[in-house]
Amino acid sequence: MIELDGASGEGGGQILRSAMTLSMITRQPFHIRRIRANRVKPGLMRQHLVAVQAAAEICGAQVSGAALGSQDLEFIPGALRGGEYRFAIGSAGSCMLVLQTVLPALLEADTPSILHLSGGTHNPMAPPVQFLQRAWIRALAEMGADIDIHLERFGFYPAGGGEVIAKVRPCARLLARSWMARGARSAAYAESFTAGIPARVAARELECVGKLMNWSEDQLLARRLPDGQGPGNALMLTFEHEHVTEVFTAFGEKSVSAETVARQAVDQARRYLVSGAAVGEYLGDQLMLPLALAGGGGFTVDEISMHARTNAQVIERFLPVRFRFDTCGEVARCTVEPR
């Protein structure tokens, strides 16, 4: 039984999610205490509980402590089973965090899988669907993974109601891969998704992005959604490069101006672009576990966060790998190698 302290390092939900993914794959049981201890509301929230339930169903795990607010959980995995599954969060809690918990494990299943999820798809505290579709899945495809995610319906915070379908084919083994440079840029564009709010919000966001990034009108795209999928607003900046795609997102909120939302997204993008790194902070975090499963690889990144260092510590408890963080010129570098 691997013992984990949910208060260590960054002290968030990633400790639990990574542990469940790795437990399903390696068949090693774990016990975690003080779950999400460093959050304002510690313990399991809806999306974390559904992630536990999804993981347990997919591998026939024995679980104790799976309840809202629980800060102590024991997870004893069984055999992974591919197939068709349906999971409903029942709130605006992120479907994406549930997907990122189970998708790497389902690559190791014996048959293809289809997942139907409902809940939040565009939540300020989690990556949006487009980030997974464009950035994360592209990187995993280069490692040999065959994953497809289709967005049926947007689910903005706080109402939720989004629907996502993910398809996964088994992968005998992920391939080691390194992203040290992003390569030449092939496309860059901004999208403002709005539902149930005035169209002028998107127009103002895009106008501000255009001025700040010196982009032309054909790079500024207003995506109007049916009112029933709102109210909600997400502004995304996407950069497609030779070796990697990155997506940066800011969300509209009450009493926050469209121009402020635009500046938030642009600030994230500029930090990445100026750094010269292959990937941004969040994509780097989410490549660590697949690279560890592959047994090697690495990337340059604009920032090594406490989140990444904490994730490395958890992964090293389950797999015979070692993470190394250092600097490479003006950027940071993360390398994973066999231990």
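Colleague: Why are α1 and α2 called roughly parallel to each other?

Modeller: Happy to explain, keeping in mind that this is a predicted model. Helix α1 (residues 14-26) and helix α2 (residues 46-59) pack at an angle of about 0 degrees. Angles under 35 degrees count as roughly parallel, so α1 and α2 are roughly parallel to each other. Their axes lie 10 Å apart.

Colleague: What makes the contact between α1 and α2?

Modeller: From α1 come Leu-16, Arg-17, Met-20 and Met-24. The α2 side includes Ala-51, Val-52 and Ile-58. Contact here means heavy atoms within 4.5 Å.

Colleague: Now the strands. How do you know that β1 and β2 pair?

Modeller: Two strands pair if there are at least two bridges between them. Strand β1 (residues 2-5) and strand β2 (residues 30-33) are joined by 4 bridges, so by that cut-off they pair. The two strands run parallel, and Asp-5 stands opposite Arg-33 in β2. On the way from β1 to β2 the chain passes through α1, in a right-handed β-α-β crossover.

Colleague: And what makes β2 and β4 a pair?

Modeller: The cut-off of at least two bridges applies here too. β2 and strand β4 (residues 72-76) have 4 bridges, so they count as a pair, in the antiparallel sense. Within it, His-31 has Glu-74 of β4 as its bridge partner.

Colleague: Which domains is the protein chain divided into?

Modeller: Domain 1 covers 1-79, domain 2 covers 80-174 and domain 3 covers 185-275. The C-alpha centres of domain 1 and domain 3 are 34 Å apart.

Methods: Residues numbered from 1 in each chain as written. Predicted model: local features only at pLDDT ≥ 70, side-chain atom pairs only at ≥ 80, totals over all residues. Heavy atoms only, no water. Domains from an automatic or database assignment. Right-handed = clockwise from strand over helix to strand, strands pointing away. Axes fitted to C-alpha atoms, helices over the stretch in contact; angles between N-to-C directions. Parallel < 35°, antiparallel > 145°, perpendicular 65-115°, else oblique.
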